[in-house]
Amino acid sequence: MRRALRQRAGRSERSERSERRQLMTAAEAEVLGELRRLRARVPQVTGALAASADGLVLARDTADADAAEGVAALTAAALGVGLRLTEATGQGGFRELLVRGEHGYVATYAAGESAVLTLLAEPRINVGRLHLEARRSSARIGELVDGALHRRTPQGDPRQVTAAQAIPPLPSHKPKEA
């Protein structure tokens, strides 16, 4: 019985991910176009990835397709840490996260209610310019993703997947009251 429940749960997760992918197909080309325009505006950006809050790749403009899945999963994990950190320090909702490594930067930005934008950049990038352009692109990507989810889910049809079921929104944490 346990095996049957695990198999059913596995199928349910695969089915849910498949539904999410179908919902995002409509916006994928536009999101990819935005990623490419961002990289054209900021040549020191070496890779760009739009993902759902739970780590599903929505669109990517990177050289390594296999790495994109891993980066999306790590972005979801980093997002969780960022959310907890902003909550614990009373800084409000998550907006962005910047990590500087020896060979460059990884920057993640909230993109609407249910997506994130992650960028890889050279170490010589102007970080102010990166933030300026990435914030604009993340706002546009958020509009595209959220719009696609809302257009594809007609109101009143209980058989349709809702936007909240398709891609969970970025969690919003409220500061604990004393």
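Is glutamate 143 buried or exposed? Glutamate 143 is exposed, at a relative accessible area of 53%; the cut-offs are under 20% for buried, over 50% for exposed and partly exposed in between, with a 1.4 Å probe and protein chains only.

Before going on, the basis. This is a predicted model, in which local features need pLDDT of at least 70 and side-chain atom pairs count only at pLDDT 80 or more, while totals for chains, interfaces and linings use all residues. Residues are numbered from 1 along each chain as its sequence is written, and side-chain values use heavy atoms, with hydrogens and water left out.

Back to glutamate 143. Its side chain forms a salt bridge with arginine 140, with the closest N and O atoms 3.6 Å apart; the criterion is a side-chain nitrogen of Lys or Arg within 4 Å of a carboxyl oxygen of Asp or Glu. Both residues lie in helix H3, 3 residues apart, about one turn of the helix. Helices here are DSSP runs of H or I with at least four residues, strands are runs of E with at least two, and both are numbered from the N terminus. Arginine 140 is partly exposed, at 33%.

Glutamate 133 counts as buried, at 6% relative accessibility, whereas arginine 129 is partly exposed, at 36%.

By this rule the count comes to 10 salt bridges. A network of them links Glu34, Arg37, Arg41, Arg129, Glu133 and Arg136. Glutamate 34 is buried, at 7%, and arginine 41 is partly exposed, at 29%.

Arginine 41 also has a side-chain polar contact of 2.9 Å with serine 137. A polar contact is a pair of N or O atoms within 3.5 Å; within protein, one must be able to donate a hydrogen and the other to accept it, and residues adjacent in sequence count only if both atoms are side-chain atoms. Serine 137 lies in H3 and has a relative accessible area of 0%.

Last, the largest nonpolar core. It has 28 residues, of which Val31, Leu117, Leu119 and Ile141 touch the most other members. The term covers buried Ala, Val, Leu, Ile, Met, Phe, Trp, Tyr and Cys residues joined through side-chain atoms within 4.5 Å. H3 gives the largest share, 7 residues.
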